[in-house]
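This report describes how the chains of one model are built and where they meet. The sequence and structure come first.

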Amino acid sequence: MANSTVVHSIDGPRGPKPRKMLSRRNIILYGTLLVVAVYYLIPLYVMLVTSVKGMPEIRLGNIFSPPVEVTFEPWVKAWAQACTGLNCDGLSRGFWNSVKITIPSVFVSIAIASINGYALANWRFKGANLFFTILIFGAFIPYQIMIYPLVILLRDLGLYTKLPGLILIHTIFGMPILTLLFRNYFTTIPEELFKAARVDGARFWGIYFRVMMPMSLPIFAVAIVLQVTGIWNDFLFGVIYTKPDTYPMTVQLNNIVNSVQGVKEYNVNMAATLLTGLVPLAIYFISGKLFVRGIAAGAVKG
Amino acid sequence: MNSIEIKKLSLNFGEVVVLKDLDLSIKKGEFLVLLGASGCGKSTLLNCIAGLLDVTDGQIFINGQNVTWYEPAQRGIGMVFQSYALYPQMTVKGNLSFGLKNAGLPKEEIENRVKHASEILQIESLLDRKPAALSGGQRQRVAIGRALVRDVEVFLFDEPLSNLDAKLRTELRVEIKRLHQKLNNTMIYVTHDQIEAMTLADRIAVMRDGLIQQFDTPKKIYNNPVNKYVAGFIGSPSMNFLKGTILQDGKPIFKLEGGLDESPDLSNYKFQESIKAETQVWLGIRPETIVTGDEAKNMPVNFSLEVEVFEPMGADTLVWSQIGGQEFRFMVDGNSSVNVGDRVTVGFDPAHASIFDIDNEERL
């Protein structure tokens, strides 16, 4: 008996257990994933192929068929010639408006929110809890309630229909969620580090810039992704607080796609939509890894 | 001259009273250990001295200066934390010089001080590394170095060795002691480890519930604990406590609850004041002062016990037993053979005992 067990331990299973590639489990798993992926990718595929087809080809009605003749005419038209109302300079104007709105909004809102979060997490000033409660409460009030009062406020400030006005709006509405994000992240940084910095003679700003900020790059990446996509994709505030000259890209896209006059140029519409979506997509691909890490890190402690 | 003086210090967190009317003075160059179980307020007291917490009432003087309202950096203190609290994005050198840069010192001076401190702590070869690339012991050295470069009068340690493994802890403990002998500045050291306290301290302040129970030299605290709490906290294995009554029969004798054929004679014990007959007491006796075998028979108090459990610890073996239904521990030589069920004669001299009142647990 003792002998046989010894023999077994030499001849028996050893090392990693072999796994079959085409097991039933794998087929079901990868099959499901494939179906889901195709389901999500087909609309994108249709948009892509349509955007490089000419109108005669589109009229044939085979939306899934690959383009016979590839043309980038629709892309050029969408960017530089498509008409919205009286302007016929395409989406380019909206693109630059959106850039002018997004960059300052993202920068200002993140700067303020991170300092808010830092103060709330580390300096526990008098009334900090009340302040925080009010801020979080703000996140739950529907936007629609605030739209008209804000119109009046901006008008009185002389910013209505101007870009700085819209930037202010985006900064305000980004504040609750961003502050929460930063506060939660900063509370995960050990308090002793903050104490050590105080013993080392650093004050409010010194600790923020030299100790806290360099340790918080993942959460800044998260905030940037959230804000860039959120503000770039915003339609409601853009259409309310601006005028045709200062419309962001999303509003202009809507005006191109939904125009009721003339022939529906599907290829131009598709190209315009893809152009508008490029920025958030690019941001996501660039910072995807950091984004996931930051979300996870911020979520450990509430 | 006193290096640190704390006068009537109180601290409340809302309704919770953490420190109450606390007075403490620490001499220049003294190594003081604040010792207590977790939640006794020892770290809170240290944070108050450092200026990291606002006090509710009272004053703190460092070097004769009232620093109660000073910022931590202005108080002339350096602090070492349990979690090291090194700035992860800076190199060791950056960590050491951060405070000096904030103080606006000239570059040369910073270089010199960093060099000097890293020589003392033997971390010169680590200066360009980030904290993540250091071991626990090295990190704690850097943390000590950060206090060292500040060239301050007072060092504050907040359980600096608790995160290290046992071997490293012993090594660094000696290093801290050497450092103190070399620098000779005032050090306040918070710990819950009574061995660290005994080995390092010039004086120990044993704390409980925000109050200092006893403030004295390690020897005095070990030999003459003022109350049962201190007696039980200091010493490992901890003191035996036997419940009983003091009877007066021309001389004080101890009547053990649960019975013992003879009542031990306590004439050798120095009572603080004359004691009333029929006082209920705890008789405390340290396991390491109990002798066994022939030696025990010559002791003023001796009796025989049965071994219940024994724990060999190398040099000694700790024996658990019972007397009159009360737990009793004593040490025997590690090489002697002990078996469960053996009967052993044990004895001690009441001069080495501590007797506490059963109601207020104060030393009698």
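Two residues are taken to be in contact if their C-beta atoms, placed from the backbone, lie within 7 Å. The model discussed here is predicted.

In soluble globular proteins, nonpolar side chains tend to be buried together.

**Chain B as a whole**

Chain B contains nine helices and 19 strands. Its C-alpha trace spans about 80 × 45 × 35 Å along the principal axes. Of its 364 residues, 40% count as buried. Among contacts in chain B between residues at least 6 apart in sequence, 65% join residues at least 24 apart.

Helix α1 of chain B (residues 42-50) is largely enclosed by the rest of the structure, because nine of its nine residues are buried. The buried residues of α1(B) are K42(B), S43(B), T44(B), L45(B), L46(B), N47(B), C48(B), I49(B) and A50(B). Just after α1(B) comes G51(B), with a positive phi of about 85°.

Strand β12 of chain B (residues 252-256) has alternating side chains: P252(B), F254(B) and L256(B) point to one face and are buried. Strand β11 of chain B (residues 240-248) pairs with β12(B) in the antiparallel sense, over five bridges. K255(B) in β12(B) is the bridge partner of T245(B). The hairpin of β11(B) and β12(B) has three residues between the strands, and G250(B) takes a positive phi near 80° there.

In chain B, the contact between the domains takes four residues from domain 1 and five residues from domain 2. On the side of domain 1 of chain B that touches domain 2 of chain B, two residues are nonpolar, one is polar and one is charged.

In chain A, six residues of domain 1 are in contact with seven residues of domain 2. On the domain 1 side of this contact, α2 and α3 (55-59) of chain A each supply at least two residues. α2(A) gives the most to that side, with three residues. By class, the side of domain 1 of chain A that touches domain 2 of chain A has three nonpolar, two polar and one charged residues.

Helix α2 of chain A (residues 24-51) also holds T32(A). Is T32(A) buried or exposed? T32(A) is exposed, because 10 other C-beta atoms lie within 10 Å, and a residue counts as exposed at 12 or fewer. T32(A) and K126(A) are 94 residues apart along the chain, and their C-alpha atoms are separated by 54 Å.

**The contact between the chains**

How many residues does each chain bring to the contact? Chain B contributes 16 residues and chain A contributes 14 residues. On the side of chain B that touches chain A, β6 (77-80) and α2 (92-102) of chain B each supply at least two residues. α2(B) gives the most to this side, with three residues. The residues of the side of chain B that touches chain A divide into 12 nonpolar, four polar and no charged.

**Confidence in chain A**

The pLDDT of chain A averages 86, and 92% of the residues score at least 70. Over residues 298-302 of chain A the pLDDT is below 50. Beyond near neighbours in sequence, this stretch has 10 contacts in the model. Where pLDDT is low, the predicted coordinates should not be read in detail.

Notes. Residues are numbered from 1 along each chain as its sequence is written. Chains are lettered from A and ligands numbered from 1 in the order in which they are written. Helices (H or I, at least four residues) and strands (E, at least two) are DSSP runs, numbered from the N terminus. A residue is buried if 20 or more other C-beta atoms lie within 10 Å of its own, exposed if 12 or fewer, and partly exposed in between; C-beta atoms are placed from the backbone. Ala, Val, Leu, Ile, Met, Phe, Trp, Tyr, Cys and Pro count as nonpolar, Asp, Glu, Lys and Arg as charged, and the others, Gly among them, as polar. pLDDT is the predictor's confidence in each residue, from 0 to 100. Two strands pair if DSSP finds at least two bridges between them.
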